[in-house]
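Thank you all for coming; I would like to take a few minutes to walk through one structure with you. Please have a look at it first, and then we will go through some of its details together.

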Amino acid sequence: MLKTFLHDELPLALVWLILGLSAGFIYSIEILGVDGSMTLFSPERARSLHISLMLYGFFPLFLSLLPFALFEKEGVLSANAMGHLRRYFVIWNLFLLFMTMAILFGNIRGLPFYDFPYQLNFLLAFSGVFYLFALLDALRRYEKRPLWVNVSLVSVIVAPIALIVLMNPQYGQVEKTLVGPHGDNTLGMSFALLPLYYLLIKLTAREHFVPRWHSLWIIPLTGYIVSLGIRNFIHPLMYNEEWFFQYLTLLYLPLLWRWWRDSGLKFKHSPYLFFSIMAFVFVDVEGNLLFIPQIRELIHRNDLVVGHAHIAMGIAVAFMALSIVHRFLPGLVTRACAIGWTVLVALMAVALSVVGMIEAGWINGNMQLFFGARSVFGFILILMVGQILLRRVKPRHVNLVEWYHWIGFMSDAGGGLMLLIAGGWIFPLLGWHFSGNYEYVVFAFMIGTGMVHWAGLQGSAERFASLSSTIRVIVASVFAALYMAGTMDMIALLVAFYDSVFAMIYWLYLRGKV
């Protein structure tokens, strides 16, 4: 069941991943001097969208399937639970859509992370209701619930509450860590990965796995709770206090080593999980080194996070999610992909680290050269993910009506997306007036028409071709009327002509050719 679910949900999830990586690539070339101010991808929006989609897109969505992979392994996953899980994915994808549009149109909060309107967190919390229903359906099938099940249940109940509280603009933890090293926040974020590593190791273990050395996670958790109390109710944390809480993260390293050894796992069994743990270890050690004042003064006095953010998210968290996909769809995310991904992200981190050292005056060098290298490595990574997506959606034995849908999807969804992002630059370039208001609604409608064609590629090709043609001629008639009335300029005539011709091609020549 879960393999089919992953197969169905993977294309849209990869689209979010490609969009997030593309936003990062655009931001990187804007640093090199490319002007994106006339598009929706201005530097601050591109950076915000990149970070937000990395934190909330592909990776957390597929990581959330981890308990259900274990449920299926233990034979307690039902069709009813999968139905709730599909609803959970629907709401989360709606959140990603609303978040993306909010950021692209400039509704950002100026935060280094979680930079979208706070109200959207309630949509995320609502998705968690269906996730909880799916979890409870599986739980009731156990005669005696094991430890990992209780861990999952507690996490799901606590997560929505923590989300609403910690993201609140007035009293949330995120707002309180805009400045300063926020070592306690790092402690909390890294602790959140431990239950996921525990479940992943249990899922892929070659031997019977029983976790040990519990004190190595209890002590950091206690420290994080104490830090929250101090920061929110007593006084802002001093540097040495944050340093102490940051150093508690080092206790995670021997704990992960113990779990990996006890599970009997090796690199060949789960390459993505192995790389993920190695990246976590690297980031943990590097983060603690950056807390040393002398090193921090040299490197961290600039605006760059020297490598460790890309390693943490681009390998540690990313590969946790990809290890789940690899387990069920090994032909799509191969071992070679894991190695290539790791090399590319590591090279980006090295390039950023060198830039940070140059900017801090530690070494001499050409910053633009290394910024350019980062952009090249990022673009190659986008191509790699795009190739995975193409392998998943590659058409086979396409008939004429399906070709019609492919062309309609690429022209309307692809063209609409391009105009949505860069219409403010393209229209004046062609000599057309651009008000920046109703045009965006038209572009969104184009994307919607393209998605009708996408639905036709999934089944009922004739029905969706007829529907898209009907939509097109209705829209064409309105644009033609507005042009003839002198209300709109030449673009209305072009839209009317294009949509009419596209509809007529189906009705006159392709109908009934499936």
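A nonpolar surface patch of about 450 Å² is made by Met38, Trp425, Leu429 and Leu430 in this model, which is a predicted one. Of these residues, leucine 430 is found in the loop between helix 17 (400-429) and helix 18 (438-458).

Let me turn to the aromatic rings, where a search of the whole structure finds 37 aromatic pairs. One of them is stacked, namely phenylalanine 58 with phenylalanine 62, at 4.6 Å centre to centre and with 25° between the planes. These two residues are four apart in helix 3 (residues 58-63), which means that about one helical turn separates them, and both phenylalanine 58 and phenylalanine 62 are buried.

Phenylalanine 105 and tyrosine 440, by contrast, form an edge-to-face pair, 4.9 Å centre to centre with 85° between the planes. Because phenylalanine 105 lies in the loop between helix 5 (79-104) and helix 6, while tyrosine 440 lies in helix 18, this pair ties together parts that are 335 residues apart in sequence. Phenylalanine 105 is partly exposed, with a relative accessible area of 39%, whereas tyrosine 440 is buried, at 15%.

Rings can also be seen with charges: the charged end of arginine 472 sits over the ring of phenylalanine 502, 4.3 Å from its centre.

Notes:
Residues numbered from 1 in each chain as written. Predicted model: local features only at pLDDT ≥ 70, side-chain atom pairs only at ≥ 80, totals over all residues. Heavy atoms only, no water. Patch = residues over 30% accessible without salt bridge, like charges linked within 9 Å, V, L, I, M, F, W, Y side chains within 5 Å. Areas by Shrake-Rupley, 256 points an atom, 1.4 Å probe, with all protein chains shown as cover. Salt bridge = Lys/Arg side-chain N within 4 Å of Asp/Glu carboxyl O. Phe/Tyr/Trp six-rings, centres within 6.5 Å; stacked < 30°, edge-to-face > 60°. Buried < 20%, exposed > 50% of the residue type's maximum accessible area, 1.4 Å probe, protein only. Lys NZ or Arg CZ within 6 Å of the ring centre and 35° of its normal.
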